[in-house]
Amino acid sequence: MSGPAGQKRNANHLTASVVDTKKPKNGSITSFFGPPKTRIVEAKPSPTLSSSFNKQKWVGSLTTEQRELLQLEIDTLDESWLAQLKEELVTPEFLALKSFLQAEKRSGARTFPPENEIYSWSRHTPLHKVKVVIVGQDPYHNLNQAHGLAFSVRPPTPAPPSLVNIYTGIKNDYPSFQRPPNKGGLLTPWAERGVLLLNTCLTVRAHQAASHSNKGWERFTQRAIDVVAKVRSRGVVFLAWGTPAGKRVAGINRQKHSVLQSVHPSPLSASRGFFTNGHFRKCNEWLAERYGSNEVIDWSLNSRTKTSSPFATIQSPSAPVPRPTDYVAKQSKFQVQETAGTTRKPMNSETTDDFDEDIDDLEDLEALAAAETTS
């Protein structure tokens, strides 16, 4: 293979150049997430896609009730997204969702992520910066976990099992990849490089998985995915892991965009093909071919491994690639033994953590419940 296509296979994508040249203009991470968790962070205007959108005029057109229900969206949804989603926000379905969330708040129920972080995905990845979409499902539902980006957690919380498996997938594609120090799981660097980390459901009641499912978020986030497909017309890469995520990208035009699907990285399903799906390499190959070598994603989360240009270090095609079975076994007490002819049952682990319920693939969760019932 020659030319750009030949370069992309051997590309060292672990670089800081994408960050340097494509840094969002919305400010730093800390400007979005100040220490007071109750603080509402007002979204700053984003150029290009929202240039013809008059936010003040749109807000003025809302009824008093609509403004009250939509104050969080007005204050914290990035303007590049607000310009495209404003019609969806005033639908009866979305307003009913906001009424439900208000009722949850009045009842004293605690929800995650914190209010000011529900739309952090929009501020870290403005619409005109999106190059890759990773579709998640439900936010993490325990303390100090969810902060508005799919699969991501803030330090000092360790990376959950699904994210640990994602790291293994990257390592298989790029042997030079180094896991973050201190078992970290903060993915804001990816988001700021153009990777939209979007959960299908954006809120959850504390300690109650999927408690806000089928309340209206699914329609809203589907609209966001459709907007990406429409507005980013030169093409983006959609990474859909698991059956539910696959359904979210079913309508994507695959002549314009790249859609990569596989099993979910959950410990229940990852060994059935996630580790060897090559999605991180294939994603960058497609981006390099479509946009050029400088537009690939730097998957690094360790600043010490970054270089000054995307192809400064060439990956050797013959570099040893870890086998799927080499990943750390003690991730969760729900790890499943995938042996031919055996019933899928959770295996006990000597160590557990706050992510024992990090099982996002609903089909696998149902299979696990069935196995426990019959055991």
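Pro-113 lies in the loop between β1 (111–112) and α9 (120–124), where helices (H or I, at least four residues) and strands (E, at least two) are DSSP runs, numbered from the N terminus. The peptide bond from Phe-112 to Pro-113 is cis, with omega near -5°. The model is predicted, so local features need pLDDT of at least 70 and side-chain atom pairs count only at pLDDT 80 or more, while totals for chains, interfaces and linings use all residues. Residues are numbered from 1 along each chain as its sequence is written, and side-chain values use heavy atoms, with hydrogens and water left out.

A cis peptide bond also joins Pro-155 and Pro-156, with omega about 10°. Pro-156 sits in the loop between β2 (132–136) and α10 (161–173). Phe-151 is found in the loop between β2 and α10. Phe-151 is not a glycine, yet has a positive phi of about 70°. Its relative accessibility is 6%, so Phe-151 counts as buried (under 20% relative accessible area; exposed is over 50% and partly exposed in between, with a 1.4 Å probe and protein chains only). Asn-182, in the loop between α10 and α11 (188–192), is not a glycine either and has a positive phi of about 60°. At 72% relative accessibility, Asn-182 counts as exposed. As background, most residues other than glycine have a negative phi, and most peptide bonds are trans.

The next topic is helix packing. Two packed helices are described by the angle between their axes and the distance between the axes. Axes are lines fitted to C-alpha atoms, for helices over the stretch in contact, and angles run from 0 to 180 degrees between N-to-C directions. Helix α7 (residues 79–89) is mostly covered, with 9 of its 11 residues buried. Among the buried residues of α7 are Trp-81, Leu-82, Ala-83, Leu-85 and Leu-89. Their cover includes α4 (55–60), α6 (71–76), α8, α9, β3 (195–199) and α12.

α7 and α12 pack at an angle of about 135°, with their axes 10 Å apart. The two helices are therefore oblique to each other (under 35 degrees is roughly parallel, over 145 roughly antiparallel, 65 to 115 roughly perpendicular and the rest oblique). In α7 the contact (heavy atoms within 4.5 Å) is made by Trp-81, Gln-84, Leu-85, Glu-88 and Leu-89, and in α12 its residues include Phe-220, Val-227 and Val-231. By class, the contact of α7 with α12 has 8 nonpolar, 1 polar and 3 charged residues; Ala, Val, Leu, Ile, Met, Phe, Trp, Tyr, Cys and Pro count as nonpolar, Asp, Glu, Lys and Arg as charged, and the others, Gly among them, as polar.

Helix α8 (residues 92–106) packs with α12 (residues 217–231) at an angle of about 130°, with the axes 9 Å apart. That makes α8 oblique to α12. The crossing of α8 with α12 is left-handed. Glu-93, Phe-94, Leu-97 and Leu-101 in α8 meet Trp-217, Arg-219 and Phe-220 in α12.

His-212 is in the loop between β4 (204–205) and α12. With 0% relative accessibility, His-212 counts as buried. A polar contact of 2.7 Å joins the side chains of His-212 and Thr-203; such a contact is a pair of N or O atoms within 3.5 Å, and within protein one must be able to donate a hydrogen and the other to accept it, with residues adjacent in sequence counting only if both atoms are side-chain atoms. Beyond its neighbours within four places in sequence, His-212 is in contact with residues including Phe-100, Leu-101, Glu-104 and Trp-217.

Methods:
Left-handed = near helix turned anticlockwise from the far one by under 90°.
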